[in-house]
Structures are given as C-alpha cells and as structure tokens.
Amino acid sequence: MSVRIGVRPCLALAAACILLEFAKAGAAAEIPLAERRSGYDLMGRETRAMQDDDATNPGTLWVLDGEALWNAKAGSAGRACSSCHGDARASMKGVAARYPAFDAARRRPVNLEERINFCRADRQKAPPLAFEGKDLLALSAYVARQSRGLPSEIAIDERTKPFLDAGRETFYRRQGQLNLACTQCHNDNWGKKLAGSIIPQAHPTGYPLYRLEWQGLGSLQRRLRNCFVGMRAEPYAYGAPEFVDLELYLMWRARGMKLETPAVRP
Amino acid sequence: MARAIVNVPAQARRGEIIEIKTLAAHSMETGFRRTQLGELIPRDIIRRFVCIYNGAEIFRVDLHPAVAANPLIAFTTVATESGTIECQWAGDNGYAVTETALIRVE
C-alpha cells in the first residue's frame, strides 16, 4: 500500500515534467510569421511555371468544370448556385480565404466542401456531392479560385477558439505506429528531405490542388489522410469534424499567406 | 465531361513563332495496372493528337501508355495567316474531342 502511494505522485510528477517539456518544445517549434513559406517556394522551377500559367496548370480543367456546375440547375428546387450567388467572380471573391468558417446553425466550423453540400441540401434540395468526387472538387476549386492571390483570413473568436485548440492539439499530438506528430516534420524539420521529397511547412493555401503524384486534383483532407497513413495512424473519415478542426488550425497558422488555388505540387 | 483547352496568342505578327499549349482531361489508364483483386484494369488512353491550322495539318502525336494523366502538349509554329487552329484528340473507348482557337495575324 505504501509503495503504491509512493509511486503515484512520482508518476504524476514525471508526467507533469514531460508535459511541461512538450509544451515548451511546442511553443518554441512554431514557425515565426515572417519565416513562413508556401510549398510553392520549395518546389522546382518547372513545377512553379506549370502552376503560374493557366494554360499549363491542369487544375484549370477542374475550374472550368466547376464554372459549368456553378451555372447548372440542380435538385428539386430547380436552382443553380448562380441563381442565388450570381457571378462567382464577384460574389465568391475572398470567400475561400475565410474557410473553415463557423456555422451558427451547426455550432461548429465547416469547410468549403461541407458548405457547398449544405447549400445543396438546404437551398437546392439536391443530394450531397461525394467527398473527393469530381463534381465537389470542381465546384470547390472554382469557388476557391476566386480567392487566388488574397490572404487567408481566419477569424478566431470565442466560438471558434475551442475548435482551433482541438486542431492544434491534433497537430502536436504524437500518433500512429511511428509515434510522430505533424509538428515534428512541418515545424521542426521543414526544408529538409524525407526520402527524396522536401518537407514543406504544411500551409494549406492552394487546395484543392493538382498533385503530380496523384495525377489529379485532390482536397486538403485527401492530403491529410496521406500524412496520417504515412505516420501509420488510422486516418479520420472524409468530412470528420476532427479533420475540419485541423484544417481550421492549419488555415489560421497560414493567416495572411496568399491563396494559390488551384496550386500544383509534385 | 471530356474537357480540353487550346491556348494560342490571340494575335501575332506574320512570320512570328507562336506557342500552342493544349491540355486534355483524361485519366490515361495504362492497361498495366491491376485492381486490389488482381484484375487487369483495361487500357484507356488518348492515341492520337492532331493540330490543323487553316485546314493544313501542322503537328501530330501518337501517344502510348506511360504518358501522364491530363496530358499537356505544347509546340510551336509560324504564324502565317489569320484563321483557326483546330486540335483533335482521339483515343480508346470512342474518346474524341475537338477544340478550336482563333488567331489574328497582321
């Protein structure tokens, strides 16, 4: 009995020390605002040229499909996105730079893809588009394209703070069979190489983006799932609130950085 | 949607070398990959690309497996006269797309 009493405070103290060390390490590891760099700056000249020119950026194919979907009627309400929102070039300018955004009715942040599907359900009376399906990627690429060149501006208030904290917690939490945290690569070792690839700082400013490895356009959640699998951790499902919290934290972490949608990455 | 994009300068000087850039949305499935159950995924690629400038063929490509998805084909020609630049893609499973761009030569 006396042994158990003796061990417990010791364990608690050790745990507290470890937590303290981790908190210190975490605070020190955050990249200073002025030193943040888009993955664009870390990639090769040819890939940058490919992104810069709409005539060679394959993301343009999705953006044009998205424009067609924007103007196409869908659902039993017989409305298109443009019926309410008009010309996306004006009405959607800067919108993607504010997502994930707090949804008052659902009392949580929602990302752009979810917002599109909620709009479909509520206003168009149309079935939701599948995550990572061609149509949802095209529509979100078209909407986010209207914010290209604008800075990410995530507003954090008392409603979104708990979700931001949850996302940050996920970013700093070691997980998976490799026992890695996002921060160990993307804060502590960015710019170095993991196998042949340069580790970026993980700023999600170009999504949905065209990844040459994917041979197609993909969402941020697809990329996050890749990272989770790489850590040998079980990824959350598409649309999971944990993913949206992490997206919120990453977009806040990239606050002020310019959107590049549709970006091209190796 | 079988989308394709042709990009040429809207206008050029006579005799100027212009670049034509094209993109076609296509999965370019090689025919060598297998599903998780071991079944071969049938080949589905673009086989041929042709560019016609005012009725005359100026550029042609035969494509084979191992060309990346959404192929970007860029090439140059001499701007000789105003008119149309027509690009045609044709491939497996009846894939056929034609896109046209206009050019003004002065």
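A:Pro208 sits in the loop between strand E4 (197-198) and strand E5 (209-211) of chain A. A cis peptide bond joins A:Tyr207 to A:Pro208, with omega about -10°. Helices (H or I, at least four residues) and strands (E, at least two) are DSSP runs, numbered from the N terminus. This is a predicted model: local features need pLDDT of at least 70, side-chain atom pairs count only at pLDDT 80 or more, and totals for chains, interfaces and linings use all residues. Residues are numbered from 1 along each chain as its sequence is written, while chains are lettered from A and ligands numbered from 1 in the order in which they are written.

**Confidence**

- The model scores ipTM 0.91 and pTM 0.88.
- Chain B has a mean pLDDT of 96, where pLDDT is the predictor's confidence in each residue, from 0 to 100.
- In chain B, 99% of residues reach 70 or more.

**Backbone features**

- The peptide bond from A:Tyr99 to A:Pro100 is also cis, with omega near 0°.
- A:Pro100 lies in the loop between helix H6 (88-91) and strand E1 (101-103) of chain A.
- A:Arg232 is not a glycine, yet its phi is positive, near 55°.
- The loop between helix H11 (220-230) and helix H12 (241-253) of chain A holds A:Arg232.
- A:Arg232 is exposed, because 12 other C-beta atoms lie within 10 Å.
- The cut-offs are these: a residue is buried if 20 or more other C-beta atoms lie within 10 Å of its own, exposed if 12 or fewer, and partly exposed in between, with C-beta atoms placed from the backbone.
- B:Asn93, again not a glycine, has a positive phi near 55°.
- B:Asn93 is in the loop between strand E7 (83-91) and strand E8 (96-105) of chain B.
- B:Asn93 has 9 C-beta neighbours inside 10 Å, so B:Asn93 counts as exposed.

**Chain A fold and cores**

- Chain A comes to twelve helices and seven strands.
- Of its 266 residues, 36% count as buried.
- The largest nonpolar core has 58 residues; such a core is a set of buried Ala, Val, Leu, Ile, Met, Phe, Trp, Tyr and Cys residues joined through C-beta atoms within 7 Å.
- A:Ala141 and A:Val143 have the most contacts inside this core.
- Helix H8 (residues 134-145) of chain A gives the most to this core, with eight residues.
- Beyond its neighbours within four places in sequence, A:Ala141 contacts residues including A:Trp62, A:Val63, A:Pro208 and A:Leu217; two residues are in contact if their C-beta atoms, placed from the backbone, lie within 7 Å.
- A second, separate core of eight residues includes B:Val8, B:Ile20, B:Tyr53 and B:Ile85.

**Chain B sheet**

- Five strands of chain B form an open sheet in the order E2-E8-E7-E4-E5, with mixed pairing; two strands pair if DSSP finds at least two bridges between them.
- Strand E2 (11-12) and strand E5 (56-62) of chain B stand at the edges, each with a single partner strand, so one side of each has no neighbour in the sheet.
- E7(B) and E8(B) run antiparallel and are joined by eight bridges.
- B:Ile85 stands opposite B:Ala101 in E8(B).

**Interface**

- Nine residues of chain A are in contact with eleven residues of chain B.
- Helix H4 (residues 59-70) of chain A supplies the largest share of the chain A side, four residues.
- By class, the chain A side has four nonpolar, four polar and one charged residues.
- Ala, Val, Leu, Ile, Met, Phe, Trp, Tyr, Cys and Pro count as nonpolar, Asp, Glu, Lys and Arg as charged, and the others, Gly among them, as polar.
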